[in-house]
Amino acid sequence: MSNHHTYKKIEMVGSSKTSIEEAIRNALAECNKTVKNMDWFEVTETRGDIVDGAVGHFQVTLKIGFRISDS
């Protein structure tokens with residue numbers, strides 16, 4: 001094993017009818033199904049859609065950092 005870590009970032013968009021926080025959790029939960037060694041996330045964009053004058057969905061764009069195996 002090396003004495004340093006190497007990371008990669010991917011971009012995901014989560015959505016929720018309830019909240020921004022749930023949109024983040026939804027994106028992380030889906031990503032966790034296929035991506036290993038996730039270490040951090042950063043919110044890069046927050047938006048939503050409007051239905052009949054109210055929030056339809058919250059949408060959050062995340063960059064998720066994960067460590068490359070054996071680095």
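**Contacts and strands**

Modeller: Let's start with Lys33, which counts as exposed because its relative accessibility is 58%; the classes are buried under 20% relative accessible area, exposed over 50% and partly exposed in between, with a 1.4 Å probe and protein chains only. Before we go on, this is a predicted model, where local features need pLDDT of at least 70 and side-chain atom pairs count only at pLDDT 80 or more, while totals for chains, interfaces and linings use all residues. Residues are numbered from 1 along each chain as its sequence is written, and side-chain values use heavy atoms, with hydrogens and water left out.

Colleague: OK, where is Lys33 found?

Modeller: In the loop between helix H1 (20–32) and strand S2 (38–51). Helices (H or I, at least four residues) and strands (E, at least two) are DSSP runs, numbered from the N terminus.

Colleague: And which side chain does Lys33 meet in a salt bridge?

Modeller: That of Glu30, at 2.9 Å, N to O. A salt bridge here is a side-chain nitrogen of Lys or Arg within 4 Å of a carboxyl oxygen of Asp or Glu. Glu30 is partly exposed, with a relative accessible area of 46%.

Colleague: How many salt bridges does the structure hold?

Modeller: Three. One of them joins the side chains of Lys9 and Glu42, at 3.4 Å, N to O. That pair links distant parts of the chain, with Lys9 in strand S1 (residues 7–16) and Glu42 in strand S2, 33 residues apart.

Colleague: Why does Lys9 count as partly exposed?

Modeller: Because Lys9 has 44% relative accessibility. Glu42 is partly exposed too, at a relative accessible area of 32%.

Colleague: What about the Arg47 and Glu45 salt bridge, how many Å?

Modeller: The side chains of Arg47 and Glu45 meet at 2.6 Å, N to O. Arg47 is partly exposed, its relative accessible area being 34%, and Glu45 is put in the partly exposed class by its 40% relative accessibility.

Colleague: Switching to aromatics. How many aromatic pairs does the structure hold?

Modeller: One. Tyr7 and Trp40 sit edge-to-face, 5.1 Å centre to centre with 65° between the planes. Rings of Phe, Tyr and Trp (its six-membered ring) pair if their centres lie within 6.5 Å; planes under 30 degrees apart are stacked, over 60 edge-to-face, and the rest tilted.

Colleague: Which strands does that pair link?

Modeller: Tyr7 is in strand S1 and Trp40 in strand S2, so named by the numbering of DSSP runs. The two residues are 33 apart, and the pair links distant parts of the chain.

Colleague: Buried or exposed, or in between, for Tyr7?

Modeller: Tyr7 is partly exposed, with a relative accessible area of 37%. Trp40 is also partly exposed, at 33% relative accessibility.

Colleague: Now the strands. In which sense do S2 and S3 pair?

Modeller: Antiparallel, over 12 bridges, with S3 covering residues 54–67. Two strands pair if DSSP finds at least two bridges between them. Thr46, for one, has Val60 in S3 as its bridge partner.

Colleague: What's in the turn of that hairpin?

Modeller: Two residues lie between S2 and S3, and Asp52 in the turn has a positive phi of about 55°.

Colleague: Last one: where does Ser19 lie?

Modeller: Ser19 is in the loop between S1 and H1, and it counts as buried at 18% relative accessibility. A polar atom of the Ser19 side chain lies 3.0 Å from the backbone nitrogen of Glu22.

How values were computed: Polar contact = N/O pair within 3.5 Å; in protein donor to acceptor, adjacent residues only side chain to side chain.
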